[in-house]
Amino acid sequence: MSTFKTALRLNVFACQGIIFLLLLLSAFISEAQDSTQVQKDTTAKKSYYVEAGSYGTKRDPTPPEYTRQFNKTGIKGVEKISWLDVGLDNRTRFEYRQDDIRRPFLATDYPILFRTRAYVGIKDVLDPFRFAFEMSDAFRVHSKFPRDNRDFNRVEPISIYAELHFKKALGKDPYGNNRPAFIRFGRQNFEFLDRRLIGSNQWRNTTNTFTGFRAALGQDKNDWQIDLLALKPLVRLMTELDTADHQTQFGAAIFHWRKWSKIITIEPYLLYLRQKPNSQDTIRDRRIYNIGTRVYGWVTKEINYDVSYNQQLGTDNHKKQRAYAITAEIGYKFQYGWKPRFSLFYGYASGDRYPNDDVNNRFERFYGFARPWSADDYVVMENIIAPKARVEFEPGKKLKFDFSYSFYWLASRTDRFNNLFNVPTNPDAPNRDKTGQSGVYLGHGPDGRVRFEVLKFIKTAIGYSHYYNGTFVKNRQVVAYNNSTLGSNFFYIETMVNFFDIFKKW
């Protein structure tokens with residue numbers, strides 16, 4: 001614990017150092033700021049932002065969704081404290097997994113996962129200076145498998161940053177919304193685009209976290225916005241304070257065009273990943289460039305679409321990187337009763353075609369959220385073909401259902417099926433057949449989920465999925481186990497408690 005406290009102090013001192021540098025910067029900018037910048041903008045009544053409506057793509061905002069503005073918690077005597085954001089939540093999930101194909105041996109497992117998060121953020125009152133601190137504690141009990149950093153990350157700061165925030169740096173948009181600009185430095189977690197390439201990974205017990213700079217021109221309400229990232233990912237350590245991976249650099253430039261958002265939102269972006277050799281991989285040398293565009297919107301009140309294309313260039317361990325990915329979803333939402341929505345999804349991420357040539361075709365998935373690909377968490381965004389049909393409906397404001405049926409194939413028969421036998425990460429897992437003789441069909445299956453609100457501060461989700469093993473999975477299971485199974489079952493019950501919602505009127 002003393003080591004943890006020392007490291008935490010170092011993080012705080014680092015933030016204090018950057019605050020001093022930001023102070024110098026603010027001296028040159030402050031004269032251009034409106035003297036009324038701490039006042040709330042009451043003139044704007046509209047927003048250019050339109051939610052895509054596609055399944056699983058809604059980003060967790062910053063500050064995160066579980067936080068509350070202090071004066072809106074329902075606590076008496078704090079009605080004037082609007083400059084403080086607070087949050088405290090807990091998620092407990094019981095899982096039943098039978099013959100989980102991600103594991104190194106077949107078994108029936110009953111893990112229970114716990115995650116607690118706390119958040120404190122200061123805004124407005126000290127503008128242009130803002131601060132945020134978020135802590136997470138994640139662990140698992142009652143499992144037959146060894147601990148791994150997907151489930152374990154004990155008492156860890158996942159956000160601790162300082163920010164310079166100028167509310168009216170770029171004037172106002174045509175709707176009268178302020179165009180802010182900000183730059184923040186420190187430890188951060190966030191989500192962008194459709195979450196498939198940059199996500200906090202809300203389903204997993206632990207969080208994708210980075211340290212470095214994030215800047216933005218504009219906000220979601222504006223007709224245009226630019227996000228800039230220059231970061232190093234943190235290595236998740238199960239019982240010690242996470243450390244920055246100094247041999248990895250991750251950057252992004254993301255542009256949002258919302259001028260015609262009633263019909264279309266356009267998001268072109270560039271992602272960059274640089275990985276140098278480290279103690280675990282002394283020959284690693286990767287430089288990946290991802291050029292992508294996402295477009296989404298509503299053709300009518302009923303019909304929506306969400307399409308993205310990604311092209312990757314660069315080098316991967318002295319091989320040329322030549323990979324690409326496509327995702328497309330179209331949905332129809334009926335405008336009555338239970339608001340039923342039917343959607344069709346198609347996803348493709350390339351795999352490596354020829355193991356012994358000088359080109360790598362395996363798509364790099366960066367730091368994305370994998371679960372929308374499969375409810376059981378088997379599939380990630382690499383070497384995959386995945387069509388899916390889904391139905392969603394809401395019998396009430398506090399009750400939601402969704403059901404889908406999915407099919408999966410390898411994009412390249414000579415590349416790997418990432419998660420097969422590979423959780424926790426096993427570089428020697430027999431999840432690839434370089435000869436291509438194991439086939440391409442991975443499997444298919446249904447999944448369903450119901451979400452409901454027990455009380456204003458307690459939400460519950462219950463889900464089930466069945467996975468029918470395809471030819472490739474069965475053939476590789478014979479190699480690994482000398483045996484194969486017809487499929488696997490996954491059932492879970494998840495309860496989320498937001499402690500600051502306890503004070504609200506029922």
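pLDDT is the predictor's confidence in each residue, on a scale from 0 to 100, and a contact means heavy atoms within 4.5 Å. This is a predicted model, in which local features need a pLDDT of at least 70 and side-chain atom pairs count only at pLDDT 80 or more, while totals for chains, interfaces and linings use all residues. Residues are numbered from 1 along each chain as its sequence is written, and side-chain values use heavy atoms, with hydrogens and water left out. The protein chain has an average pLDDT of 91, and 91% of its residues score at least 70.

**Confidence**

- Over residues 1-43 the pLDDT stays under 50, and for this stretch the model has 51 contacts beyond four places in sequence.

**Cis peptide bonds**

- T62 and P63 are joined by a cis peptide bond with an omega of about 0°, and P63 sits in the loop between helix 1 (2-29) and strand 1 (68-69); helices (H or I, at least four residues) and strands (E, at least two) are DSSP runs, numbered from the N terminus.
- D127 and P128 are also joined by a cis peptide bond, here with an omega of about 15°, and P128 belongs to the loop between strand 4 (112-122) and strand 5 (129-141).

**Positive phi angles**

- D99 is not a glycine, although its phi is positive at about 55°; D99 is placed in the loop between strand 2 (84-98) and strand 3 (108-109).
- D99 counts as buried at 18% relative accessibility, where buried means under 20% relative accessible area, exposed over 50%, and partly exposed in between (1.4 Å probe, protein chains only).
- F421, another residue other than glycine, has a positive phi near 60°; F421 lies in the loop between strand 20 (399-409) and strand 21 (441-455), and is buried with a relative accessible area of 4%.

- Helix 2 (residues 471-481) has the buried residues F472, V473, R476, Q477 and Y481, and they lie on the same side of helix 2 because they cover an arc of only 130° around the axis, the arc being that of the directions from the helix axis to the C-beta atoms.
- An α-helix has 3.6 residues a turn, so residues three or four places apart point the same way.
- The buried residues of helix 2 pack against strand 21 and strand 22 (458-469), and the residue that follows helix 2, N482, has a positive phi near 65°.
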